[in-house]
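Here is a set of questions about how structural terms are applied. Each answer sets a value against its definition.

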Amino acid sequence: MTRSPETATVMTAADIDRALTRIAHEIVEAQRGVGELIICGIPRRGVPLAQRLGAKLAAIDPDFDPVASVGSLDVTMYRDDLRNSAARTPEPTQLPARGIDGRTVVLVDDVLYSGRTVRAALDALSDYGRPQAVRLAVLVDRGHRELPLRADHVGKNIPTSRSERVGVRLAEIDGLPAGEEQVVIIR
Amino acid sequence: MSEPTTARLAVQPAPGPHYLIRGASILGGAPEDLVVRDGIIASVGAAETAPQDQAPLETIDASGLIALPGMVDLHVHLREPGREDAETVETGSRAAAKGGFTAVHAMANSSPVADTAGVVEQVHRLGQQAGWTEVYPVGAITRGLQGKVLAELGAMAESSAQVRMFSDDGHCVTNAQLMRRAMEYVKTIDGFVAQHAQDADLTGWDTDHAAQMNEGKVSATLGLPGWPAVAEEAIIARDVLLADYVGARIHICHVSTKGSVEIIRWAKQRGIQVTAEVTPHHLLLTDELVRSYDPVYKVNPPLRTEADTQALREALAEGVIDVIGTDHAPHPEQAKECEWNQAAMGMTGLETALPAVQHAMINTGLIDWQRFAEITSTRPAEIYGHTHQGRPIAAGEPANIILVDADASTTIHPETHATKGRNSPFRGVELPGQVRHTFLGGVPVMLNSQLTGPRSAGGAA
Amino acid sequence: MKHLLDTQALAHRDALAILDTAEEMTAVSSREVKKLPTLRGRTVVNLFFEDSTRTRISFEAAAKRLSADVMNFSAKGSSVSKGESLKDTVQTLDAMGADAIVIRHSASGAAAQLAASDWTDAAVVNAGDGTHEHPTQALLDALTLRRGWSRAHGENPRGRNLAGMRVLIVGDIVHSRVARSNVWLLRTLGAEVHLAAPATLLPYGAETWPVTIHYSLDEALREAPDAVMMLRVQAERMGGAFFPTAAEYTRRWGLTDERLALVEQLRLGATDSPALILHPGPMNRGVEISAAAADSPQSRILDQVAHGVAVRMAVLHLLLSQRQPDGSLDE
């Protein structure tokens with residue numbers, strides 16, 4: 001695949017998979033029993049990452065149900081920057097039928113930057129119920145937080161400048177062969 | 001220009017300066033020099049041959065300009081008396097002078113209606129006092145424009161205004177019997193009837209679903225009640241048959257459809273005494289403009305389709321349609337800054353008539369300036385029966401002359417117009433041609449596109 | 001997209017964005033917290049020059065579920081009835097800080113005039129203008145049709161248009177803003193549109209529309225539409241000016257029990273699911289639609305009402321979330 005000179009690959013498909021495997025292990029270690037765990041992806045790229053994490057969790061601990069306990073949480077209508085960006089069409093929100101009350105919800109997103117998406121997700125979550133705990137897993141933390149938030153599980157810390165952009169390219173969203181998935185920095 | 005009317009009345013007619021108009025192209029022909037003296041064209045030809053004169057001779061460089069007979073408009077609304085907020089005879093007359101009109105005919109839908117000798121004399125007198133153009137009141141056919149009983153036609157004809165043209169314009173004389181009698185009666189007082197052809201039932205007149213625009217593809221989409229072409233054509237067909245039957249003249253105001261043209265052509269071929277008028281806006285604009293819902297495009301009859309504008313242009317070129325009438329209809333701002341179906345109908349027209357007609361007819365090659373003079377001056381004067389308007393530009397003729405820069409190009413800004421109305425459909429549009437000088441009976445009421453001063457009240461009218 | 005004035009100019013992409021957003025919004029009414037913070041601190045004015053409690057309440061519910069402040073301005077009993085102009089009214093509301101003006105007016109074009117004027121910077125939503133358009137009604141109809149079709153086909157409705165559907169609209173087309181909005185929107189979304197009406201209730205010029213016209217409802221039903229939308233017949237049309245009597249109208253163009261038996265045989269595409277019956281309301285039971293048809297399992301009339309709130313939430317969200325080109329890939 002040709003890349004413009006300003007684009008640098010910082011994670012390959014294999015790096016992404018290894019990072020998700022490690023995060024799955026961390027989640028299991030941090031949680032006493034996976035039965036009360038819900039993995040919840042933030043659209044768009046958080047959703048396939050959550051599904052992959054769910055599959056890995058089920059492989060580690062068969063008590064985890066990768067269908068019933070993996071969902072998605074759209075945050076579009078909770079954003080505080082709607083007036084500064086393109087009008088967005090919300091993506092589906094699908095939460096486990098038995099609800100989120102009293103359970104541990106792991107929010108999953110691809111890139112952690114200002115923290116505003118996570119803030120919106122916390123607000124959205126509270127409109128659906130009252131989890132016992134909420135954790136955050138991200139594939140990339142690029143720094144520059146604007147809110148007092150941190151991730152519990154990070155695939156890779158990538159120092160960036162504000163002028164750079166981080167691109168996460170996933171098979172499910174971007175229509176690539178699995179082997180060509182990657183994380184890039186665009187200058 | 002702003003001196004009070006009473007002061008102007010006090011001015012005695014005195015031999016004014018005489019004018020040498022150099023190098024004007026008469027009706028678009030070769031450049032000639034004209035001398036204007038005592039309200040008359042003293043000579044046409046090289047200046048050296050002009051009779052020498054003791055009075056001062058002012059020279060006007062008219063090279064590159066076309067000399068035309070002052071335009072005559074059979075159809076304007078001057079709103080006075082009654083709606084002086086929309087227009088007055090004074091402001092409407094100024095607009096006429098700026099537009100190159102040396103005579104206008106003011107429709108009867110004032111308040112009170114011009115259906116008595118008193119009102120027509122008032123309008124006529126106001127026109128003389130204004131002095132920017134000649135103002136001829138049109139008398140109502142029916143009392144109060146109600147379409148019920150005849151107005152005092154004879155009294156208006158015998159009044160000092162000597163009304164010859166009668167119309168209920170704005171309203172159609174729907175009752176066929178009444179229309180027949182009006183034609184018969186007016187014929188005997190050397191006058192003629194001008195019909196606003198609009199079938200009231202087909203256009204939902206005086207109902208809460210009155211027609212709002214041309215009925216067709218656009219009205220179907222916009223959900224505005226349609227004004228069908230047949231509502232105009234049916235009345236024209238009826239009226240030309242009536243005119244034939246009683247041996248009277250009939251003038252059709254603001255013809256707007258292709259079908260109307262065909263009926264009038266047929267009537268003329270049969271020898272029926274019918275004359276027809278078209279507005280500049282119906283030559284140029286179509287109902288597509290209504291898609292904006294901007295009430296500046298609301299007019300009666302409504303803007304029609306491209307096929308109609310083409311048919312009207314051709315009819316005007318070949319003589320089926322006789323004259324241009326502006327249907328100048330000024331309205332105050334609030335009458336147009338409202339919902340479409342509540343907005344007033346009408347557009348201003350006096351100050352854009354020449355550019356619009358030049359654009360539609362001359363620059364398209366359909367007619368030349370000679371024909372332009374016929375449709376804007378000679379024919380309307382003949383139809384009314386004026387003997388001093390619409391005359392040739394020749395020695396001994398009354399000096400009602402305009403000088404036109406056909407090469408000019410102007411973007412229309414209604415705020416600069418002399419009319420009180422700002423409801424020009426040509427706002428922001430670039431149109432060719434500009435009237436530079438207007439001579440009314442030898443008096444230059446406009447020079448270099450600027451109004452100078454009116455003809456004194458004592459002048460001939 | 002700054003305003004929603006009509007569906008004729010509504011792009012396929014924007015129509016789908018509204019339907020997809022509305023699809024997510026339908027879930028909000030079944031949540032415990034039936035409110036989203038999206039439009040917090042923003043003001044939506046419902047400017048109703050014409051009585052329509054249903055439409056006003058639907059817009060009000062939509063704005064409130066998005067946390068907007070709502071002001072209702074009804075022309076009745078206001079300065080408007082004393083002759084205040086549309087311009088003055090709108091400028092007053094603008095001065096009060098309206099971010100969106102939802103306007104209902106008996107004059108065709110009133111919403112477009114407001115949007116084109118410099119009287120206000122607010123986003124304008126047409127909630128019905130004269131006999132011109134009623135775009136949110138058509139959008140909620142489209143949402144209802146799409147959901148019905150997708151469910152029958154076992155598909156996810158998201159991102160899908162109405163290609164493959166044949167929709168029959170029956171009744172007073174000439175006076176119907178709902179019909180006009182539906183004709184354009186359904187065509188944009190790829191549906192095939194048929195109209196059935198007496199010639200007197202079709203606009204002159206409708207032959208230029210991208211539709212198939214029938215003067216007989218029975219003939220139109222033989223074309224096997226996937227959905228039949230019955231329009232309300234206004235009482236004032238029944239006086240003999242447009243058709244002889246209400247009884248004759250019902251006989252010839254009403255969805256009677258006899259015709260319902262035919263409609264019950266119709267299917268959604270090639271599926272076993274029955275065709276849909278829609279009506280924008282309010283209904284004249286026994287005139288254009290029989291009670292049995294209105295209450296039949298094929299009827300989606302109550303769904304239409306529920307979808308109205310979701311569609312109007314989607315429209316307010318789309319218009320009040322100012323867009324600007326945004327190429328960022330992350331967050």
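The questions below take up chain A, chain C and one annotated span of chain B.

This is a predicted model, in which local features need pLDDT of at least 70, side-chain atom pairs count only at pLDDT 80 or more, and totals for chains, interfaces and linings use all residues. Residues are numbered from 1 along each chain as its sequence is written, while chains are lettered from A and ligands numbered from 1 in the order in which they are written.

Q: What makes up the secondary structure of chain A?
A: Helices (H or I, at least four residues) and strands (E, at least two) are DSSP runs, numbered from the N terminus. Chain A has four helices and eight strands. Along the sequence they read β-α-β-α-β-β-α-β-β-β-α-β.

Q: Why does the radius of gyration of chain A agree with that of a compact globule?
A: The radius is taken over C-alpha atoms, and the globule rule is 2.2 Å times the number of residues to the power 0.38. For 187 residues a compact globule would come near 16 Å; chain A has 16 Å, so the two agree.

Q: Why is chain C called as compact as a globular protein of its length?
A: Chain C comes to 11 helices and nine strands. Its radius of gyration is 20 Å, close to the 20 Å from the globule rule for 331 residues, so the description holds. Its C-alpha atoms fill a box of roughly 55 × 55 × 40 Å along the principal axes.

Q: What makes a residue count as buried, and what percentage of chain C does?
A: Buried means 20 or more other C-beta atoms within 10 Å of its own; exposed means 12 or fewer, partly exposed in between, with C-beta atoms placed from the backbone. In chain C, 52% of the 331 residues are buried. In chain A, 42% of the 187 residues are.

Q: Why is H1(C) called roughly perpendicular to H5(C)?
A: Axes are lines fitted to C-alpha atoms, for helices over the stretch in contact, and angles run from 0 to 180 degrees between N-to-C directions. Helix H1 (residues 12-25) and helix H5 (residues 135-153) of chain C pack at about 65°, with axes 10 Å apart. Roughly perpendicular covers 65 to 115 degrees (under 35 is roughly parallel, over 145 roughly antiparallel, the rest oblique). H1(C) is therefore roughly perpendicular to H5(C).

Q: Which residues make that contact?
A: Contact means C-beta atoms, placed from the backbone, within 7 Å. H1(C) supplies Ile18(C), Leu19(C) and Ala22(C). H5(C) supplies Leu139(C), Ala142(C), Leu143(C) and Arg146(C).

Q: Where does the "Dihydroorotase catalytic" domain annotation lie?
A: The unreviewed UniProt entry places it at residues 66-259 of chain B. UniProt positions are given in the numbering used here, feature names are shortened, and annotations may be inferred rather than shown by experiment. The span is 36% helix and 18% strand.

Conventions. Two residues are in contact if their C-beta atoms, placed from the backbone, lie within 7 Å.
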